[in-house]
Structure formats: C-alpha cells, structure tokens
Amino acid sequence: MHRTKHAQEITNRFRELVEDAGDSLDSNHYDELSLLIEAGIDASLVDYMEMIAKKLENMAHDVKHSAEFFEED
C-alpha cells in the first residue's frame with residue numbers, strides 16, 4: 001500500500017530528526033506516529049472521494065435533465 005509506505009517514510013524522517021537532535025523515543029511511539037499519519041492520509045482521501053462523488057452526482061443529474069429535454073412523447 002502506498003499510504004502505509006508513505007506514512008513509514010515520514011515517520012523514519014521524523015526519527016532521523018529526533019536522533020540528530022540527540023534525543024530518542026521508544027519504538028512504540030514511532031509505530032503510533034506512523035498509524036496517525038496513515039489515518040490522516042485516509043481521512044484526506046475520504047474527503048476527496050466524497051467531493052468527487054458529489055460532482056458525479058451533479059453530472060448525473062444534469063445528464064438526466066438533458067435527456068428529459070430530448071425525450072419524445
């Protein structure tokens with residue numbers, strides 16, 4: 001999955017920054033951070049898909065309206 005890989009890459013970069021500063025965190029914290037990042041990505045994707053679905057719904061309505069204009073009696 002691309003989202004999981006991307007979340008892990010962000011987490012790894014954060015780990016590097018923390019370690020470069022001379023600090024450290026328990027690996028469980030990094031695992032949790034990765035999950036939080038992935039959840040944020042998922043939430044953004046859901047919002048985007050809802051926006052696309054609304055556009056498709058509006059387009060379908062427009063097509064139906066246009067089709068009714070051309071219907072024969």
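Helices (H or I, at least four residues) and strands (E, at least two) are DSSP runs, numbered from the N terminus. The model is predicted, so that local features need pLDDT of at least 70 and side-chain atom pairs count only at pLDDT 80 or more, while totals for chains, interfaces and linings use all residues. Residues are numbered from 1 along each chain as its sequence is written, and side-chain values use heavy atoms, with hydrogens and water left out.

**How the two helices cross**

- Two packed helices are described by the angle between their axes and the distance between the axes.
- The axes of α1 and helix α2 (residues 27–70) come within 8 Å and cross at roughly 135°, where axes are lines fitted to C-alpha atoms, for helices over the stretch in contact, and angles run from 0 to 180 degrees between N-to-C directions.
- That angle makes α1 oblique to α2, given that angles under 35 degrees count as roughly parallel, over 145 as roughly antiparallel, 65 to 115 as roughly perpendicular and the rest as oblique.
- On the α1 side the contact (heavy atoms within 4.5 Å) is made by R3, T4, H6, A7, Q8, I10, T11, F14, R15 and V18, and on the α2 side by Y30, L33, S34, I37, E38, I41, D42 and L45.
- By class, this contact of α1 with α2 has nine nonpolar, five polar and four charged residues, where Ala, Val, Leu, Ile, Met, Phe, Trp, Tyr, Cys and Pro count as nonpolar, Asp, Glu, Lys and Arg as charged, and the others, Gly among them, as polar.

**Residues of α1**

- T11 is found in helix α1 (residues 2–20) and, at 0% relative accessibility, counts as buried, a term that means under 20% relative accessible area, with exposed over 50% and partly exposed in between (1.4 Å probe, protein chains only).
- Leaving aside neighbours within four places in sequence, T11 is in contact with Y30, L33, S34 and I37.
- H2 also belongs to helix α1, but H2 is exposed, with a relative accessible area of 73%.
- H2 and E38 are 36 residues apart in sequence and 9.8 Å apart in space, C-alpha to C-alpha.

**Residues of α2**

- S34 has its place in helix α2 and is buried, with a relative accessible area of 8%.
- Apart from neighbours within four places in sequence, S34 is in contact with A7, Q8 and T11.
- I41 is found in helix α2, and, with neighbours within four places in sequence left aside, I41 is in contact with R3 and H6.
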